[in-house]
Structures are given as structure tokens and as C-alpha cells.
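Reader: I would like to learn how to read a protein model. Can we go through it feature by feature?

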Amino acid sequence: MSDPMKHPILALACLALPTLASAESYENVIRATLQPGWRMADGSHMAALHLELAPGWKTYWRAPGDAGIPPQFRWKRAKGTKSVRIHWPAPEVFHQSGMRSVGYSGSVTLPLRVQLNTTGDSRLKGVIDIGICKEVCLPHRVRVEAVLPAANTNPTPSIAAALADEPYAAEEAGVSNVSCSVSPASNGLTLTAQIAMPKGTGREETVIETANPEVWVGEPKTWWDGNRLMAEAQMAHMNGGAFALDRSRVRITVLGGSMPVDIRGCDS
């Protein structure tokens with residue numbers, strides 16, 4: 001990846017980040033545990049990463065915004081464990097010092113759907129790099145480990161509640177159509193999405209993601225135009241060059257309205 005300071009848009013984003021701190025220990029700020037969960041009828045296992053934060057501190061969602069630090073997960077899977085999929089409960093939107101970030105405060109449970117190729121007990125270990133933030137923001141590493149018991153088939157209430165707190169699918173939220181137009185911008189392109197959905201609170205905010213992790217997406221401007229929610233964001237490739245945008249894999253999350261909504265793909 002090239003130096004973002006060579007690209008005007010990315011330079012602005014980096015300079016606007018809240019103060020980072022690394023010299024002081026912040027072990028007492030966050031407590032991480034791996035909840036063992038239960039074995040599901042299809043043979044997979046539902047576990048969860050639980051993060052407990054000290055008052056006033058927050059951590060970040062999968063798409064944290066320009067003022068956040070994206071989480072990174074490395075799962076050390078024991079024999080019999082094939083893959084781990086993270087389920088994300090609906091996050092909060094924070095505004096601080098003129099910057100927006102997306103994440104969680106207090107505590108959060110992230111359900112983990114673990115695919116197995118064994119019918120017995122398995123073990124899951126994780127090394128997770130996250131950002132935590134109060135007056136300062138800093139990267140922090142936690143390590144977790146748990147046995148995933150085959151015998152337990154009773155759902156864990158806290159994990160089930162976190163699964164129920166995921167954003168609604170577009171169809172469930174009454175989204176009838178999503179279209180995206182693309183226009184050139186000085187350092188990349190501008191994507192404008194039109195989302196036909198039931199009128200909300202007027203406080204909606206959106207997060208736009210692409211399938212390419214090398215594409216930077218700016219904070220969208222979000223507004224209502226009649227019965228359509230509009231979202232417009234600037235995009236640029238990290239190396240400053242041209243890039244193709246697969247609209248079928250654009251992901252738009254609507255937050256701050258009457259219900260959170262997860263929209264996958266948009267038409268041209």
C-alpha cells in the first residue's frame with residue numbers, strides 16, 4: 001500500500017484522526033472474553049467475542065469511519081475448525097471534534113459462527129487488534145481462547161440477543177429499490193445512491209463499503225429526497241490510481257433511523 005500522505009484525500013483523513021497514544025498501558029480499559037456458546041443443528045458452532053469497556057471509552061465497527069481504527073481478527077483454529085464468520089450488531093455513530101466514527105460504547109457482544117469439520121469439542125484462539133478511544137485513540141491487542149463444547153446445544157441468551165440486534169435486511173425494512181450512479185471526481189469518483197424505503201426519522205446516517213479494501217470511502221452525505229434516502233460519498237484508490245467499482249458488491253448500512261438496515265448491492 002502506498003503512503004496515504006501522497007494522496008490529498010487520504011492525507012486529510014490521516015491528519016484528522018484523533019490523537020493516538022501508545023506509551024501508556026491501557027489494560028484496565030477493556031476486558032475481552034470468548035464466550036463458548038452452543039453447537040447448532042447444522043453442525044456449526046455459535047460462539048461470541050465479548051468486549052467490556054471502561055466508562056467513556058468506545059471501540060470500532062468493521063467500517064469505523066475516518067476517525068476510527070478498523071478491527072483485525074486472526075483466528076488460530078484448532079484441528080476441526082474450518083472458518084469463523086463475525087456477526088455485527090448495529091453500531092452507534094459518534095461525532096467528536098468535527099469527525100465521525102462508528103462503533104460501540106460500554107460493551108458489545110460479537111457473535112462468531114464457527115464452521116467445523118468435527119462432531120466433537122473444538123478449541124478457538126484469537127488475536128484481535130482493535131482501536132479504543134476516549135480523549136485519546138490507540139490500537140490495542142487482546143487475546144482470547146475457549147473450548148467450543150459439542151454437548152451444549154442451548155443458545156446463550158446474550159449471544160442470541162446480539163444476533164437479534166443485527167441490522168435488518170433490505171427486504172425486511174421495506175426497501176423496494178436501490179440504484180447507484182457514478183461520476184468522476186478530481187481524485188477518484190463520486191457514488192450517489194438512491195434508496196426507496198419507508199420515510200424514517202430524518203436523522204439517518206449511512207456507511208458505504210466496497211468489496212475492495214484498497215478503496216477509501218469518505219463519509220457520506222445523507223439526506224431525504226421525497227420517499228428516497230440519498231447517500232453520496234467520494235471514493236479513491238489508496239495508490240491514487242484508477243479503479244473499477246463493482247456496484248453489485250457495494251454495501252450500504254443505514255443507521256440512526258427507525259431501524260438499522262443492511263443493503264447489499266445497488267443497480268446502475
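Reader: Is R264 buried or exposed?

Author: Buried means under 20% relative accessible area, exposed over 50%, and partly exposed in between (1.4 Å probe, protein chains only). R264 is exposed, with a relative accessible area of 55%. A word on the source: this is a predicted model, where local features need pLDDT of at least 70, side-chain atom pairs count only at pLDDT 80 or more, and totals for chains, interfaces and linings use all residues. Residues are numbered from 1 along each chain as its sequence is written, and side-chain values use heavy atoms, with hydrogens and water left out.

Reader: Which residue forms a salt bridge with R264?

Author: A salt bridge is a side-chain nitrogen of Lys or Arg within 4 Å of a carboxyl oxygen of Asp or Glu. For R264 the partner is D262, and their closest N and O atoms are 3.0 Å apart. D262 is buried, at 11% relative accessible area.

Reader: How many salt bridges are there by this rule?

Author: The count comes to 7. One of them joins R74 and D129, with the closest N and O atoms 3.1 Å apart. R74 lies in strand β4 and D129 in strand β9, so the pair ties together parts that are 55 residues apart in sequence. Strands (E, at least two residues) and helices (H or I, at least four) are DSSP runs, numbered from the N terminus. R74 is partly exposed at 37%, whereas D129 is buried at 18%.

Reader: What ties strand β14 to strand β7?

Author: A salt bridge between E205 and R100, with the closest N and O atoms 3.1 Å apart. E205 lies in β14 (residues 205-209) and R100 in β7, so parts 105 residues apart in sequence are tied together. R100 is buried, with a relative accessible area of 6%.

Reader: How many aromatic pairs are found in the whole structure?

Author: First, the idea. A pair of aromatic rings is described by the distance of the centres and the angle of the planes. Rings of Phe, Tyr and Trp (its six-membered ring) pair if their centres lie within 6.5 Å; planes under 30 degrees apart count as stacked, over 60 as edge-to-face and the rest as tilted. The search finds 2 pairs. F73 and W75 are stacked, 6.0 Å centre to centre with 15 degrees between the planes. F73 and W88 have centres 6.0 Å apart and planes at 70 degrees, so that pair is edge-to-face. F73 is partly exposed at 22%. W75 is buried at 14%, and W88 is buried at 11%.

Reader: Which residues touch the most other members of the largest nonpolar core?

Author: A nonpolar core is a set of buried Ala, Val, Leu, Ile, Met, Phe, Trp, Tyr and Cys residues joined through side-chain atoms within 4.5 Å. The largest has 34 residues, and L49, L112, L124 and I132 touch the most other members. Another core, of 25 residues, lies apart from it; C180, I195, M197 and I263 are among its residues.

Reader: Which side chain makes a polar contact with the side chain of T192?

Author: A polar contact is a pair of N or O atoms within 3.5 Å; within protein, one must be able to donate a hydrogen and the other to accept it, and residues adjacent in sequence count only if both atoms are side-chain atoms. For T192 the partner is the side chain of E232, at 3.1 Å. T192 is found in strand β13 (residues 188-196). T192 is buried, at 14%.
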